[in-house]
Amino acid sequence: MSELKVLTRRVGLPDSAKIDTYLANEGYVALTKVLKEMTPAQVIDEVMKSNLRGRGGAGFKTGMKWDFASQNKTRPKFIVCNADEGEPGTFKDRVILKFDPHALLEGMAIAARAVDGDHGYIYLRGEYPEEAKILEDAIKEAEERGYLGKNILGSGLDFTITVHRGAGAYVCGEETALIESLEGKRGQSRIRPPFPVNSGYRKLPTVVNNVETLSSVPIVILKGGDWYAGVGTAESPGPKLFSISGAVENPGVYELPMGVTLRELIKTAGGMKDGKAFKAAFPGGASSACMDESELDTGMDFNSLAAIGTMLGSGAVMILDETADMVKAAYVLTRFFDHESCGKCTPCREGLTWVKQLMAGILEGRGTEEDLDLLLDICEQIQGASFCGLGEASVNCVTSTIRKFRGEYLDYINRKAGVRAASGEKS
Amino acid sequence: MSTQELFSDAELKAIQGIASRYEEAGSAVMPLLHYVQEIRGYLGEDEMAFIADYLRIPRVRAYEVATYYTLYATKPRGKHVIQVCRNLSCTMAGAEGIIDFLKKELEIEVGGTTSDGIFSLVEVECIGSCDKAPAIMIDEDHHGPVTPESLREILNTYRGKP
């Protein structure tokens, strides 16, 4: 399957982040159309028709979210872009932020028109200081040319955007934790409902959308919802940015239609590195259940991956080859989740520490087969009892590797670990 | 403590500018902490208290934010902070070897600062450079994929930097 050039069509142009390049390449045409020819209801209808689903991981229908927000008449209302991509393995939004920031700004302005948004915030991950400057420059350019600010293009719409830098907390990628952080608090998730569309930033209606989602909006308006819905699969349409890392020849960000198979995706990234054999993949970042060789022909879209018990998430695909140590991999991911648990919900806060300790014990040759049952039991309790999706998903790496690669755990438990390490077969 | 002792007029002006971006004072906490860390290298107790007082929020609000988020430092660090990613893609690409090399090369442990005060070494989770694994950040710059050889050169370029 060949790569698409939709979201990435301006990437690679000289000075692609500058407004002049953007304007010369369909930039702000969609916003102009929205402001001059469409009603807010028509904009929402078009997005609804496109069946665009949230690219941050949850896959919620963007049109529906906007519709809910538009029905709430409380003002002011906020458009918040979630640019905190902190899911290990994810670096796709960075391409847009760095090379096509105006697409995001345009998408946010269109969202503002659709739902009566008064102000926008881009919550940017702390590790992207360069992108913060690029975005601030882009906002300034857009204000100077009248695409942001007061009375945009004479339409009466007042809307501008503030860049807000995070400071290294994974959980802030979860929308309610992100809002807490935007309010200047520790990033801990809130219980939902109420949903942010009704009670978000400062308890006011707030639309939180991912970078890629918002940047997809201009193309939905330009080419129409029907066109967009026709790309990829019916249930999860559209072009999608995949970040591929790990054991492939050319790790990077690739734009492909939703539903491309994992096998094709690996091929697009140059195939397996050094000709090694594929062993496993985490298709949706650290929080997704792993896939094995038998699942290589699964379509990479929300529904197909859910059907095999894993998830697309943000499209962060980590590939592991035949030499990878799955127990070690699961430990590394567990260590991450234990570190990043915000501490609000006991099962996630305490449970992950237990999981990490048990995993470390297995790696150090102190594990027993009963530990595997205990691990699955703790994981089940964490999964059913956390406020946010991040807590729920934090143990997928453990449960899926135990189910699919139990033999590797047993190797460690049966003290074959030393042999594995001695033969240099360590990841 | 009077404000003049903590911040210069120019710095106070910058603080005012950042705070004025937000309608709700509390929202300015993180950007202000970022700013103070940028100019001072870390967040001292007096500085955190000043920010809280300035925004008229309880001081604990500034402390809790500063200690919750990993990018804030509440203790002095070296002139340049090396962050080594230890998440999955980087670990598979040899991040552990990179940590070991840096520990030996700089003669410090993770979390430590070199005796000349130039480098601090920390381990972090995913910095969004998974396609360049093993990846590190030094101050605000991303580097990767790094090897012990390339790191030696990279470190040298920072040794001369202010």
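**Reading burial, pairing and contacts in a predicted model**

Q: Which residues of helix α5 (residues 59-68) of chain B are buried?
A: In this predicted model, they are Ala62(B), Val65(B) and Ala66(B).

Q: What do the buried residues of α5(B) pack against?
A: Their partners are α3 (29-40) and α4 (45-55) of chain B.

Q: Why is Ala66(B) called buried?
A: A residue is buried if 20 or more other C-beta atoms lie within 10 Å of its own. Ala66(B) has 24 such neighbours, so it counts as buried.

Q: Which residues does Ala66(B) touch, leaving out those up to four places away in sequence?
A: Contact needs C-beta atoms within 7 Å. On that basis Ala66(B) touches Leu33(B), Leu43(B), Met48(B), Tyr72(B) and Thr74(B).

Q: How far apart are Ala66(B) and His34(B) in sequence and in space?
A: They are 32 residues apart in sequence. Their C-alpha atoms are 9.4 Å apart in space.

Q: What makes strand β9 (residues 316-321) of chain A largely enclosed?
A: Five of its six residues are buried, so the rest of the structure largely encloses β9(A).

Q: Which strands form the sheet that holds β9(A), and in what order?
A: It is an open sheet of five strands in chain A, ordered β6-β5-β9-β7-β8. The pairing is mixed.

Q: Why do β6 (252-257) and β8 (291-292) of chain A count as edges?
A: Each has a single partner strand, so one side of each is left without a neighbour in the sheet.

Q: What makes the pairing in this sheet mixed?
A: Strand β5 (residues 239-246) of chain A runs parallel to β9(A), joined by four bridges. Strand β7 (residues 278-282) of chain A pairs with β9(A) in the antiparallel sense, over four bridges. β5(A) and β6(A) are antiparallel too, over six bridges. Both senses occur, and the pairing is mixed.

Q: How do you know that β5(A) and β9(A) pair?
A: Pairing needs at least two bridges. These strands have four, so they pair.

Q: Which residues stand opposite each other in these pairs?
A: Ser245(A) faces Met318(A) in β9(A). Phe278(A) stands opposite Asp321(A) in β9(A). Pro239(A) is opposite Pro257(A) in β6(A).

Q: What is the order of the four-strand sheet in chain A?
A: This open sheet runs β3-β2-β1-β4, with parallel pairing. Neighbouring strands are turned by 20 degrees against each other on average, direction ignored.

Q: How many bridges join strand β2 (residues 119-124) of chain A to β3(A)?
A: Six bridges join them, and the strands run parallel. One partner pair is Tyr123(A) with His164(A) in β3(A).

Q: Which helix packs on this sheet?
A: Helix α9 (residues 211-223) of chain A does, touching β1 (78-83) and β4 of chain A. Its direction makes about 90 degrees with that of β4(A).

Q: How many residues link domain 2 and domain 3 of chain A by contact?
A: Eight residues of domain 2 are in contact with 13 residues of domain 3. By class, that side of domain 2 has five nonpolar, two polar and one charged residues. The C-alpha centres of the two domains lie 22 Å apart.

Definitions and conventions: Residues numbered from 1 in each chain as written. Chains lettered and ligands numbered in written order. Predicted model: local features only at pLDDT ≥ 70, side-chain atom pairs only at ≥ 80, totals over all residues. Domains from an automatic or database assignment. Contact = placed C-beta atoms within 7 Å. Nonpolar A, V, L, I, M, F, W, Y, C, P; charged D, E, K, R; others polar. Buried ≥ 20, exposed ≤ 12 C-beta atoms within 10 Å, placed from the backbone. Helix = DSSP H or I, 4+ residues; strand = E, 2+ residues; numbered from the N terminus. Axes fitted to C-alpha atoms, helices over the stretch in contact; angles between N-to-C directions.
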